[in-house]
Amino acid sequence: MRSHSITALVFGLGFGLSAAQADPAPRNSKIVLTNDDGWATAVLRATNDALKSAAYDVILSAPADDESGTGTKTAPPVPRVDSCEFDTCPAGSPAEGFNASDPRLNWVNSFPVDSVRFGIQTLAPQFFGSKPDFVVSGPNDGVNLGTGIIGSGTVGAACEAALEGIPSTAFSAATSLQISYTTLDNAKALTTIISRTYAALTLKYVNTLLALPGTILPPGISVNVNFSPALPPIFCSAPEDFRFIFTRLNASTTDQDVFHCGTDHLPDETSVILTPGCFVTISAINATVKQDVDAGIQAQVLNRLSPIVSCL
């Protein structure tokens, strides 16, 4: 979903952190990866690379085309009339298909909700022999904040997973690229550095959330994560530049949140992302109504993520 991008692409930077430098993944962690911007975007494929490099077992199942802003829309997949995004599949292709060299890279010619369902219900039994352990939705091209998450297909897919009993998180990045994965071939390009940085941040979050045994997230709960811009005037050019901040979806001076950083009123994610600096916001949400959750549920999520969370 691109409409909420905070900043446009400019040039600069020249370094980043490879996925191989990240912490190793827990064993036997089966992940379905999806988004709403399409199966062939650079940041999605960079995230696929990062998760695989960390030893996760990954299936990508995402829309054949850019389906930004489609929320929880759903429809039966149908054959393609024209080519997939970036000409990655020809006109006349089937309703569901995969990369000829890697059958774990799958398109679904429908909405994000349908794409994640296909990953959970069809591809996971085929490749995993079971349901996935976790669903990663995104990173999205552009932030999804506050009430704006209602129309997000990236958040819609994550919430669909949670309602199907699969823990999930939606990731969104302020620097919007919406470019083909083929651009990743130029390792020194700014767009590649940004894509790899957001992918590494996603991996750091996933590693932390899945590191402990037990329930990953409470039932019916998903998490909304947003990344600050990775461009000037604030150079958020590498994963170590970012701080993870536990937030709420919508600002409130009356609702009592989990006690954290000396207060029971969490900052709202929009305010944090608009604050100069390099931040990752983490907001626990009810997957049915896409609203904030109570302090008890916030505490469960925060406890699993506490190794990476800091104060604003």
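Is Glu164 buried, exposed or partly exposed? In this predicted model, Glu164 is partly exposed, with a relative accessible area of 22%, where buried denotes under 20% relative accessible area, exposed over 50%, and partly exposed the range in between (1.4 Å probe, protein chains only). Residues are numbered from 1 along each chain as its sequence is written, and side-chain values use heavy atoms, with hydrogens and water left out. Because the model is predicted, local features need pLDDT of at least 70 and side-chain atom pairs count only at pLDDT 80 or more, whereas totals for chains, interfaces and linings use all residues.

Glu164 takes part in a salt bridge with Arg117 (4.0 Å, N to O), a salt bridge being a side-chain nitrogen of Lys or Arg within 4 Å of a carboxyl oxygen of Asp or Glu. The pair links distant parts of the chain, with Arg117 in helix α2 (residues 112–127) and Glu164 in the loop between α3 (153–163) and β6, 47 residues apart. Helices (H or I, at least four residues) and strands (E, at least two) are DSSP runs, numbered from the N terminus. Arg117 counts as partly exposed, at 27% relative accessibility. Salt bridges that share partners join Asp114, Arg117, Glu160 and Glu164 into one network.

The count of salt bridges comes to 12. One of them is formed by the side chains of Asp102 and Lys52 (3.8 Å, N to O). Asp102 belongs to strand β4 (residues 102–108) and Lys52 to helix α1 (residues 42–53), so this pair ties together parts that are 50 residues apart in sequence. Asp102 is buried, at 18% relative accessibility, whereas Lys52 is partly exposed, with a relative accessible area of 43%. A salt bridge also joins Asp257 and Arg248, whose closest N and O atoms are 3.0 Å apart. Asp257 counts as buried at 3% relative accessibility, and Arg248 counts as buried at 3%.

Nonpolar side chains tend to be buried together in soluble globular proteins. A nonpolar core is defined as a set of buried Ala, Val, Leu, Ile, Met, Phe, Trp, Tyr and Cys residues joined through side-chain atoms within 4.5 Å. The largest such core has 60 residues, and those with the most contacts inside it are Tyr56, Phe134, Tyr198, Tyr205, Val206 and Ile282. Helix α4 (residues 190–210) gives the most to this core, contributing 10 residues. A second, separate core of 13 residues includes Ile59, Val108, Leu123 and Val135.

Contacts (heavy atoms within 4.5 Å) were examined for Tyr198, leaving aside its neighbours within four places in sequence; among the residues that Tyr198 touches are Val43, Pro139, Ala174, Phe227, Ser228 and Phe242. Ala174 lies in the loop between β6 (168–173) and α4 and is buried, at 0% relative accessibility. The C-alpha atoms of Ala174 and Ser228 are separated by 5.4 Å, although these residues are 54 residues apart along the chain.

Thr247 is located in strand β8 (residues 243–247) and counts as buried, at 1% relative accessibility. The side chain of Thr247 makes a polar contact with that of Ser283 (2.7 Å); a polar contact is a pair of N or O atoms within 3.5 Å, where within protein one must be able to donate a hydrogen and the other to accept it, and residues adjacent in sequence count only if both atoms are side-chain atoms. With neighbours within four places in sequence left aside, the contacts of Thr247 include Leu266, Asp268, Val272, Ile282 and Ser283.
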